[in-house]
Amino acid sequence: MRRRPTPRLRTAAAALAAAAVAAATVPAAAALAAPATPGKHTETVEQLPFPVDRSNNAGWWTPLDVVDGVTYMAFDSPAADPARHEVHIAAQGPDGGWTAGCLRADDGACATFLDDSGHDQPSIVVDGEGTIHAFVSMHHVPWQYYRSTTPGDITSLVDASADLPDQGVPMTYPVTARGTDGDAYVMVRGGRDEATVRDGRLYRFDTATGTWSRVAVFASGVGASVYPDDLEVGTDGRLHVMWEWHRWAAGPYRHLGSYAVYDPKDDSWHDAAGSPLSTPIAPSAGGAVVYQPFADGESLQTDGPTVQTAKLAVHGDTLAGVVYRYAAAKADGTPDRFDVRFARWDGAAWQRETVVDADDLGAGTDTVAALDATSAAGTTRAYAVVQGTVAGQVRTQVVRAERGLDGGTWQFAGLGDVQVGQQRLAARTIRTGPSSGTDVLYVSAAESGPTSGTLFHARVPRTGGPLVGSPLADVVAGVRDDDGGDPGTPEPTGNLALGGTVTASSALRADTGGEKAVDGRLTDDSRWISAADDATPTLTVAWDDAAPVASVRVHSGYRAAVDPASAVLRDFSVELHTTGGWVQVGAVTGSTVGVVTLPAAGVTADQARLVVTDPSASETDVARVFEIEVLAAG
């Protein structure tokens, strides 16, 4: 393969900086975390001064790039049509101010895209010539790709989708990176559903010729789907590629966390041990390719145990490790609570450990599908998000775990304030200059209610010595609004329905059965969800001995929804079974809240029945019930 000189990244970044200064800049918002005492870590977190659409909510994309001190952040911005969004790119110039521009349609107006929360976020990369590349709203659709016509100009991105190979193939989950030679890369999942295949693909933009080409279909298997996770470039120019597998076609619970290395110098692929690989890599590859293998009884056809999202950290030219979300299986084969794990290759085998044990967080508090990892200056960091529920309100906290490159005890600290609603994040490390080793973070928060989302920019340097951490329980106490208990969990004392015998009219999937509504958990992965064609979903729970009932409390919704109010039960009634038959104790119409309590006036009953007549206001009109509590009187 031909070689060419290292590109002029500094020149391109300087052009962007000059453009930012020439344009009208918006001052940065006030820092949410003030600099610490000199000599200590001086993290800063600031909110960007731009409107952010609440569809800006995914954990496996690359919306952030940092080039020679200039930070680029891509995000969904509200459009006039509430069901659509624009895509904007913000850049922070040398004065600390921000400018932003939208992707342009053919008529010069801001292009708009359909909302698809969790799937439609933009991924960007700035190549060695300063050209900005953006892949947007790609969830099983042909390429949607925009490129700047002027280096470093965030206002000049126009549709260049026709420049990509493999036209017409549905593409999903674009993940981007910049090579040491300045070329741009994108990894995606390509759909060949007629063959029951969704494979992993890698493409390269050659800055010398201005053209895209397909490097490889690097992973593929009949009856299997690839989920791209991460793409990082080492100082030696090799690309570290990471993905997961799922049975075809798609689903939330995936398997076989996988890793390989691509060397553009000779167009070769290798596993973690350095052994050569032939592409496409199959799900059966095993060995040094798979950092998280099958557990006993696990296969692509099972739900749990499961991997769900992962990121990798490269230290110089060496893999430091992989941070990923992992759940063992419960007795019924569905996933248990998700831990945050870390895997590293020790030269002979993959070594795995738990960084955040979900059980240690307390009931009602969990990790979510938002992770990243970085490694520099002898220090490896894992970033995660912890979520809890207080009085029906979702609260989240970004958590940083840090330790030396050679191992040791993880130290924990929070980053930024506790936020209302779901948070997602991405991280990049500055590799050169006076800020070398500093992590730059993109943190988006989707607030509850009708308000828009928010976007934060954080800087976490590696200066001032090792992190003096706090116990993880202290770091996440604000999520629980801790008073020594677990407010996000229904009280088991006096709850007659807890662990009761359940009959449900339908279920959307095997892992959303009615038993989830009486297991004492208030999390998105533990809900009864009715089938889409069930017009009147009904759930009945029975307990052993009839007892007086003080009230019935119904928890419903979807924490990660773009509009959480749209996912709660709209119209429903609650009935209790007495010696005289069924008695209605209350009915609700037009609800927009996630927790509803209906008084029962001490009625003695041995069963409760939830009858839903309007499941939700969301497009997927199903009943979503976290828990039904039947609270005993006296």
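D236 counts as partly exposed, with 23% relative accessibility (buried means under 20% relative accessible area, exposed over 50%, and partly exposed in between, with a 1.4 Å probe and protein chains only). R238 also counts as partly exposed, at 25% relative accessibility. The side chains of D236 and R238 meet in a salt bridge, with 2.8 Å from N to O; a salt bridge is here a side-chain nitrogen of Lys or Arg within 4 Å of a carboxyl oxygen of Asp or Glu.

A word on the basis of these values is in order. The model is predicted, so local features need pLDDT of at least 70 and side-chain atom pairs count only at pLDDT 80 or more, whereas totals for chains, interfaces and linings use all residues. Residues are numbered from 1 along each chain as its sequence is written, and side-chain values use heavy atoms, with hydrogens and water left out.

In total, the structure holds 23 salt bridges. In one of them, R214 meets D166, and their closest N and O atoms are 3.1 Å apart. Because R214 belongs to strand 15 (residues 211-219) and D166 to the loop between strand 11 (157-159) and strand 12 (171-178), this pair ties together parts that are 48 residues apart in sequence. Helices (H or I, at least four residues) and strands (E, at least two) are DSSP runs, numbered from the N terminus. Both partners count as partly exposed, R214 at 42% relative accessibility and D166 at 22%.

A further salt bridge joins R337 to D359, with 3.5 Å between the closest N and O atoms. This pair links distant parts of the chain, 22 residues apart: R337 lies in the loop between strand 23 (318-327) and strand 24 (339-345), and D359 in the loop between strand 25 (350-356) and strand 26 (365-376). R337 is buried, with a relative accessible area of 13%, whereas D359 counts as exposed at 55%. Elsewhere, salt bridges with shared partners join E43, R381, R400, E402, D439 and R462 into one network.

Turning to the sheets, four strands form an open sheet in the order 1-32-31-30, with antiparallel pairing (two strands pair if DSSP finds at least two bridges between them). Strand 1 (44-47) and strand 30 (422-429) stand at the edges with a single partner strand each, so one side of each is left without a neighbour in the sheet. From one strand to the next, the twist averages 20°; axes are lines fitted to C-alpha atoms, for helices over the stretch in contact, and angles run from 0 to 180 degrees between N-to-C directions. Eight bridges pair strand 30 with strand 31 (residues 439-446) in the antiparallel sense, and Q422 has A446 as its bridge partner in strand 31.

Strand 39 (residues 624-632) is mostly covered, as eight of its nine residues are buried. Strand 39 runs antiparallel to strand 34 (residues 528-529), to which two bridges join it; here W528 has V625 as its bridge partner. Seven bridges pair strand 39 with strand 35 (residues 538-556), again in the antiparallel sense, and A632 of strand 39 stands opposite V549.

The spaces between the atoms complete the picture. Rolling a probe the size of a water molecule over the atoms shows where empty space is left. On a 1 Å grid over the protein atoms alone, a cavity is a set of points where a 1.4 Å probe fits but cannot get out, and a pocket is an open set with protein on both sides within 12 Å along at least five of seven lines; lining residues have an atom within 4 Å of a point. Grid points are joined across faces, edges and corners, and a volume is the space filled by probe spheres set on the points.

The second largest pocket has a volume of about 1,100 Å³. Among the 40 residues that line this pocket, V66, R178, T429, I430 and R431 are the closest to its centre. Strand 2 supplies the largest share of the lining, four residues.

Four cavities of 30 Å³ or more are found in the whole structure. The largest cavity holds about 70 Å³ of space, and V45, L415, G416, Q423 and V443 are the closest to its centre of the 10 residues that line it. Strand 29 (residues 407-420) gives the most to this lining, with four residues. The second largest cavity has a volume of about 60 Å³ and is lined by W60, Y173, Y227, P228, D229, E244, R254 and T309.
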